[in-house]
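Here are a few exercises to work through with the model open beside you. Try each one on your own before reading the solution.

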Amino acid sequence: MAVVGLAGRERAQLLLAGAFVLAVALIGLTIVLTSSSYTTTLANQENGVVRGSDAVTVRKSLDHELTRQFEFVFRNYSAGNRRTPFETVVAQTGNETTTHYARRGRLVNVTMDASGAGFIEGARIKQSEDLNLDSPSNVPNWVVAEDVEVRNATLIIGDISDAIPTSSPSTATRMFFETPGAGGDWSLAFMEQSKDIDGDGSLETVWNISSISPSGKLRSCVREEVNSNYEAKLDLDAGTLNGDRCGALLALSPEGNRYDVRIVRGARTTAARYWLIVDKQPGSLGTLFAGPFTDAEPVLYGARVRYRYHSATVTYETNVDIAPQELS
Amino acid sequence: MMGDRGQLFALEGVLAALVVLAGIAFALQATVLTPTTSGATAAPVDASSIDSVLTSTAENGDLRSAITDWDGSGFKDAEGEWYTGRYPTGAFGTALNQTLGPSVTANVVIYHRSSDSRKRTRLVYNGAPGDGAVRASTQVTLYDRDVCSPGPSPSSPSDYLCTSPERSDFYAADLDTSPDGHLYNVVEVEVVAWRS
């Protein structure tokens, strides 16, 4: 009897121990589940500051505001006097920004290299008188600028020579944007063609501007013949011809890539003016601009500022290039 | 036999201790289970929506137009110095109205620095914020040409600077009054929104 009683107690103790194990397991499971749901709650409570999107938003805002000042300085100050008014605003904006965000526990600043190295110097190459698209020394195949990033390439064309047929790209004036050391060249062709525009059977002379992509795709815009009564303004950056969108030009994007800019058979386009801003200083462009009408002058191409953002959870530092899309 | 029983008792003791510890851990967890235990109400609008309005209108200039639309004593077309019960006329007010909707009330406050202190100017004020208010803010850089009119045909950069009477008419101070000082002020625009 005593033996049986002892075995019964041991069994009861085992059952009790089993119950304890079950209880611990259930409580543990409950804790895991509640922790999971609490983690979800915390994740949903994250804001832009914690996630880091605030750092990007502030950078964009500063980029936008400093670009406005850069454009103002570019348009209203002469070439040699543009640095100081921009640098002053960068320093002041940086100080004010730091003060504003310090109240919210964030360190935000924007600074510029004190040595002036933050400025990106460039050149404006221009032909300001109505002449052929020749080089100053009348070379039929000449390089306007080598290995440059081009911004604001604008051509104003007043006439196409009638002396030589220019109805196909192989005989017309061509402007090439060649990738140095590689294929993938874009080109423009300025042509005059005879077309039945009105559908009345009579042929009219029209001006055709075509772009040819690296893969050989041809895109064209057809406009009224250019002559002494009608000149055409090509804005390569905006992709417009006399202010209207032109599919041939829209496909071309000279900005953001480095090119050799070459003009072939420039003598067939007469009464032309042009200007383009490149990211090399005049001294680095060689002697191409020794002619009497084509010249290159220094311009402020862009500026680089240092942006810093530190919060309790995010550290973000980067250079911001202040370089507007289009300046003339 | 007695040795087996001793081991069972020891096991029981350990498990009982685990139950007690697990119970304590559960109790501690339970105190932070709900973020709304303080009685906070749900946010009336997502703060990121207000952020989007501020960011987009700051980029396209609508926000700058709204905060510089000052006639010397208050914001143009406002009942007093600021708008009450409605948003500013113009694209910024329209964007804010469309984002917040009729069931949400908002204040728009502009913080700006003067030479010696930080000041506050109300653009929209509808009383003290209610429960569950959310806030969002952005920074706007004002140049002299944003605040003052340069005249019909400005010919030099200095023509874009504010004159002394123009400065005294505006609610924020000109932080750079030097002959070539184009920065006017860097202001913070804050929107606080809550359910009506």
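**Exercise 1.** In which sense do E1(B) and E2(B) pair, and over how many bridges?

*Solution.* Keep in mind that this is a predicted model. Start with the two strands: E1(B) and E2(B) are antiparallel and share 6 bridges. For one bridge, look at Tyr111(B), whose partner in E2(B) is Arg120(B). Now widen the view: the open sheet of chain B has 4 strands in the order E2-E1-E4-E3, with antiparallel pairing. Strand E2 (118-124) and E3 of chain B are the edges, each pairing on one side only. From one strand to the next, the twist averages 25°.

**Exercise 2.** Find the helix that lies across E3 and E4 of chain B: which one is it?

*Solution.* The helix is H2(B), and its angle to E3(B) is about 15°.

**Exercise 3.** Describe the contact of chain B with chain A, going from its extent to its details.

*Solution.* First, the extent: 45 residues of chain B and 42 residues of chain A take part. The buried area is about 4000 Å², with 59% from carbon and sulfur atoms. Arg5(B), Gln139(B) and Tyr143(B) provide 15% of what chain B buries there, more than any other three residues.

Next, the polar side: 14 residue pairs are in polar contact across the interface, and the salt bridges number 4. In one salt bridge, Glu188(B) meets Arg104(A) at 2.7 Å, N to O.

Last, the makeup of chain B's side: H1(B) gives the most, with 15 residues. By class, this side has 24 nonpolar, 7 polar and 14 charged residues.

Terms used:
Residues numbered from 1 in each chain as written. Chains lettered and ligands numbered in written order. Predicted model: local features only at pLDDT ≥ 70, side-chain atom pairs only at ≥ 80, totals over all residues. Heavy atoms only, no water. Contact = heavy atoms within 4.5 Å. Buried area = accessible area lost by both parts, 1.4 Å probe. Salt bridge = Lys/Arg side-chain N within 4 Å of Asp/Glu carboxyl O. Polar contact = N/O pair within 3.5 Å; in protein donor to acceptor, adjacent residues only side chain to side chain. Nonpolar A, V, L, I, M, F, W, Y, C, P; charged D, E, K, R; others polar. Pairing = 2+ DSSP bridges. Axes fitted to C-alpha atoms, helices over the stretch in contact; angles between N-to-C directions.
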